[in-house]
Amino acid sequence: PPPFWLTAEHFAAALLWLLAGAVGLVVTSKDLAAGNFLAPRLLAVTHMFTLGVLTTTIFGALNQFFPGALGISIRSVRVAHGTWVLHTIGTLTLPQRRRAPRGLVVGRYVSAGHIALGTAMLVALARIGNSLGWWPLDRMAVVVSHFHLAVFGFVVFTAVGVGSWMLPMFLLA
């Protein structure tokens, strides 16, 4: 397994994002009460929870899960730490899982989830281009596709992949 601090830094960052999101909920309470779910500040708070808390926690847990489940070690702890830094500042990087001697189905599900997350990021970039006036887009269609790619692509594929390994272990226990 990788060093404890690699996973710990993910969980520490997730905790900080949770605290920042809690403060953000207070700041955006008027938008929440008014049902203004597309308010930019409210979308920022939503991403504090989804990317900051959930995704950072998932990535930290996968650093511990993959070596045991797939039979591969982390290629470089330094690179894994670097990806944490990049993720924390908003850049997505994909780990490689091609040489796993076991758990290939899990790796494929998680890879598909990361592809969906990357695609959701591209949709977000398209929305940013629209906001800057570079091209016209239907705002609601972009927001909905971004949401579906993130939730049903990244979250569900990752949960199904990891769950397909963990659930039988829990049932046997």
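Q: Hi! Which residues are exposed on the other side of H4?
A: Arg-78 and Val-79 are exposed there. Keep in mind that this is a predicted model.

Q: And which residues of H4 are buried?
A: Those are Ala-80, Trp-84 and His-87. Looking down the axis of H4, the buried residues fall within an arc of 70°, so they line one face of the helix.

Q: What covers the buried residues of H4?
A: The cover includes helix H1 (4-27) and H3.

Q: Okay, what happens at the start of H4?
A: A side-chain oxygen of Ser-76 comes to within 3.4 Å of the backbone nitrogen of Arg-78.

Q: How far apart are the end C-alpha atoms of H4?
A: They are 16 Å apart. That agrees with expectation, because 12 residues (77-88) at 1.5 Å a residue should span 16 Å.

Q: Switching topic: which residues make up the largest nonpolar core?
A: There are nine: Leu-62, Phe-65, Phe-66, Ala-69, Leu-70, Ile-72, Val-106, Val-110 and Val-162.

Q: Which helices each supply at least two residues of this core?
A: Helix H3 (40-70) and helix H5 (104-131) do. H3 gives the largest share, with five residues.

Q: What pLDDT does the protein chain average?
A: The average is 84, and 92% of the residues score at least 70.

Conventions. Residues are numbered from 1 along each chain as its sequence is written. This is a predicted model: local features need pLDDT of at least 70, side-chain atom pairs count only at pLDDT 80 or more; totals for chains, interfaces and linings use all residues. Side-chain values use heavy atoms; hydrogens and water are left out. A nonpolar core is a set of buried Ala, Val, Leu, Ile, Met, Phe, Trp, Tyr and Cys residues joined through side-chain atoms within 4.5 Å. Buried means under 20% relative accessible area, exposed over 50%, partly exposed in between (1.4 Å probe, protein chains only). Helices (H or I, at least four residues) and strands (E, at least two) are DSSP runs, numbered from the N terminus. The expected span of a helix is 1.5 Å times one less than its number of residues. The arc is that of the directions from the helix axis to the C-beta atoms. Contact means heavy atoms within 4.5 Å. A polar contact is a pair of N or O atoms within 3.5 Å; within protein, one must be able to donate a hydrogen and the other to accept it, and residues adjacent in sequence count only if both atoms are side-chain atoms. pLDDT is the predictor's confidence in each residue, from 0 to 100.
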